[in-house]
Structures are given as structure tokens and as C-alpha cells.
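Hello,

Here is the structure I promised to pass on. My notes on it follow below.

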Amino acid sequence: MVQSVKTDSTDEKALLKGLAVNDRKSVETIYKLFYNMVQTLIINNNGSADDARDIFQETVIVLYEKAKSGSFELNCQLKTYVYSVSRRLWLKKLQQQQKYIPNLIGLDETVPVEEEVDNHSLRNSEFQMMEKALLHLGEPCRSLIEAFYLQKKSMTDIASHFGYTNADNAKNQKYKCLMRLRKLFFAELKNNDV
């Protein structure tokens, strides 16, 4: 038996706060409330169950980024926002595959979310370019950058681990590595713009 769950704005704000701090129950609730709606949208518009999973996951990421920003103010029902983001992401995917259908089936009330989706796509693209640049960076720079920025190690720990005489020498090396990474990233960015 499928349960219909109605949320009010207080519940939705609590869900968004929970999502912003990676609260598992909030994430599960968002899936329970909205996944079937998104799956129906995608399947009714030339998509598969796998497409629906991908689009819903991206939608949750967009929602997470918005909730985490702290400045996000929901000015419609959460259901409408999720639907609008999913619809926009699906339209973009169809356009990329040259399967765009101007009149999507099942258009309910939507809100403009193009900017959020475009920002999400741009950020994804930049992350992919940064990942490529990191791969081309080489050792020990890659490990040093990852130790500082991803593993959040102190410069003293990094100096000890990498064999630098002190934290200042490690900091200078990190700076040189960042400059190399920056150069690689912008070269990658330039190659993708052409």
C-alpha cells in the first residue's frame, strides 16, 4: 500500500536543514516523498528507470547544495521545487542526446530553476577539469595537496610525513604545487572552451 505523505512548510524546512547536515532520515524522507514523482516524469518522457535514478540523484545534490548554502529560501512547495529541478535536468540531458521533446508529458506547476541547474552543471564540469588537472600534477604535489585540502592535515603533520625540515618549507612547497595545479587547471579550462 502506497502512503501519501503530506508535508507542511515547517516539515519541509526541517527536511532541508536535515539534508544540509547529511541527516540520513531527512535524505530517506526526501527519497520516499519525491522519487516516484520524478521516476514517473522521466519514464513518461523517453527515459528509463536508470535515467530516473540518475536525475533524482542530481536533483538531491542540487537541493543539498542549496540547503547547505544557508541562504536558500524555498518560495514554493518542496515537491514543486524537486519536480522543477528534475524536469530541467532531464530536458538538459535530452538536449545533449538530441532527444529533446518540447512538450513534456505531465507538466504540473513548475518554478524557474534554470540558474541552479546551470550552476550545478558548470560546477560539475569544473570539478571534472580539476580532477584531470590533479591527475596530471604528479607526485609529491598531488599527495601534498590532497593531504592539506582533502584530509585536512596540518602543515606540521605534512612536513613530518613528506620529510620537510619544518612547516614553513612544507607551506612553500604547497604553494608551488598549487601554482602548478592552477596552471594545469586553466590549461584544461582553455582546452574545453575551444
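The second largest pocket has a volume of about 270 Å³. Keep in mind that this is a predicted model. The lining of that pocket is made of 13 residues. Lys13, Leu16, Phe72, Glu73 and Leu74 are the ones nearest the pocket's centre. Two elements, α1 (9–20) and α3, each give two or more residues to this lining. The most comes from α1, with 6 residues. By type, the lining of the second largest pocket splits into 6 nonpolar, 2 polar and 5 charged residues.

Next, the aromatic rings. Searching the whole structure turns up 3 aromatic pairs. One of them joins Tyr31 and Phe56. Their ring centres are 4.7 Å apart, and the planes stand at 70°. The pair is edge-to-face because planes over 60 degrees apart count as such.

Where do the two partners sit in the chain? Tyr31 is in helix α2 (residues 24–43), while Phe56 is in helix α3 (residues 49–69). They are 25 residues apart, and the pair links distant parts of the chain.

One more contact involves a ring. Lys174 places its charged end over the ring of Phe148. The distance to the ring centre is 4.1 Å.

Best wishes

How values were computed:
Residues numbered from 1 in each chain as written. Predicted model: local features only at pLDDT ≥ 70, side-chain atom pairs only at ≥ 80, totals over all residues. Heavy atoms only, no water. Phe/Tyr/Trp six-rings, centres within 6.5 Å; stacked < 30°, edge-to-face > 60°. Helix = DSSP H or I, 4+ residues; strand = E, 2+ residues; numbered from the N terminus. Lys NZ or Arg CZ within 6 Å of the ring centre and 35° of its normal. 1 Å grid on protein atoms, 1.4 Å probe; cavity = no way out; pocket = protein on both sides within 12 Å on 5 of 7 lines; lining within 4 Å. Points joined across faces, edges and corners; volume = space filled by probe spheres on them. Nonpolar A, V, L, I, M, F, W, Y, C, P; charged D, E, K, R; others polar.
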